[in-house]
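Work through the exercises below with the model open. Try each task before reading its solution.

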Amino acid sequence: MLCLRLHLRLHPGAQMFTVHLNRIHKFASVQMATTLPSKKAKSLLYPFSNLETHLDRAVDRTPFQLFHPSLEDMVQAEQLFTASPSHKIDYFTSAERIDHAPNLKQPEVCFIGRSNVGKSSLIKCLFALTPEVEVRISKTPGHTKKMNFFKVGKVFTIVDMPGYGYRAPKDFVDMVEPYLFTRKNLVRTFLLVDGSVGLQEADRVALEVCEETRRPYVIVVTKIDKSKHGTLLTNLMNLQDVVQTQTTSCFPQPFLVSSLNFWGIYLLRCFIAHITGGMKLTDTSKS
């Protein structure tokens with residue numbers, strides 16, 4: 001932690017978020033997280049560490065720690081999620097069809113998942129250092145009816161997709177599948193799964209669609225604060241078994257997040273920055 005604080009002192013630009021300090025979540029930045037006791041800070045930065053002690057020694061931890069960047073890398077990555085006069089971050093546009101989607105050249109990532117899995121809440125957390133970005137969130141499942149595009153400067157775009165399942169748009173398939181199959185600048189799809197209930201039948205269908213696209217995708221396990229360790233671990237291990245035995249394009253490591261407590265948000269920011277070419281990491285694996 002000391003080396004991180006020293007890094008922040010030597011690189012004042014890493015503290016640009018202070019302009020909006022009174023408006024953002026208390027754990028929106030890595031610097032804020034490192035003010036906590038070491039164990040709590042580690043659970044925010046690397047949430048799998050909170051579960052690792054409850055796993056049997058025989059369980060292979062490697063798939064859960066393939067992407068394990070340094071604190072300094074996380075600090076660098078969050079600068080891409082912090083707006084400045086030369087780096088604007090904002091909602092750009094919405095589209096109901098792929099032919100209505102904006103013609104953007106920069107790398108793009110999208111978030112899909114069941115209605116009420118927490119897509120919009122997660123995106124709002126990713127943008128917490130720029131709280132003026134308008135990400136609409138509703139407690140009513142199926143609130144997102146269009147593909148919503150958010151531009152992160154000239155570096156990449158994040159797309160919030162409508163949810164599938166309960167109260168999904170009637171034309172959900174016609175809207176989403178052409179995007180997943182044909183969007184040329186789509187570099188990664190993030191498939192969100194509710195960690196408190198595990199992989200559902202609708203999620204398995206979405207998994208099959210992602211496989212059919214033959215494009216790389218990642219599973220993000222949301223709401224990890226909503227269940228006890230035992231339930232979460234059971235759901236996580238079942239999910240991991242599906243990934244290992246039934247997928248070929250899925251990144252082996254699931255990303256664990258909580259939009260309520262900010263667990264895993266910094267790690268996910270860093271991964272997005274890495275895969276979109278927004279930054280070059282010093283190290284991406286646990287030594």
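Contact here means heavy atoms within 4.5 Å. The model is predicted: local features need pLDDT of at least 70, side-chain atom pairs count only at pLDDT 80 or more, and totals for chains, interfaces and linings use all residues. Residues are numbered from 1 along each chain as its sequence is written, and side-chain values use heavy atoms, with hydrogens and water left out.

**Exercise 1.** Find which residues F127 is in contact with, leaving aside neighbours within four places in sequence.

Solution. Start at F127. Its contacts are F81, I89, V133, V135, F150, V152 and I158. Helices are DSSP runs of H or I, at least four residues, and strands are runs of E, at least two, numbered from the N terminus.

**Exercise 2.** Work out the strand order of the open sheet, then its edges.

Solution. Strands pair if DSSP finds at least two bridges between them. The order of the 7 strands is β1-β3-β4-β2-β5-β6-β7, with mixed pairing. β1 (89-95) and β7 (255-256) each have a single partner strand, so one side of each lacks a neighbour in the sheet. Inside, β2 and β4 (residues 156-160) run parallel, joined by 4 bridges. F111 stands opposite D160 in β4.
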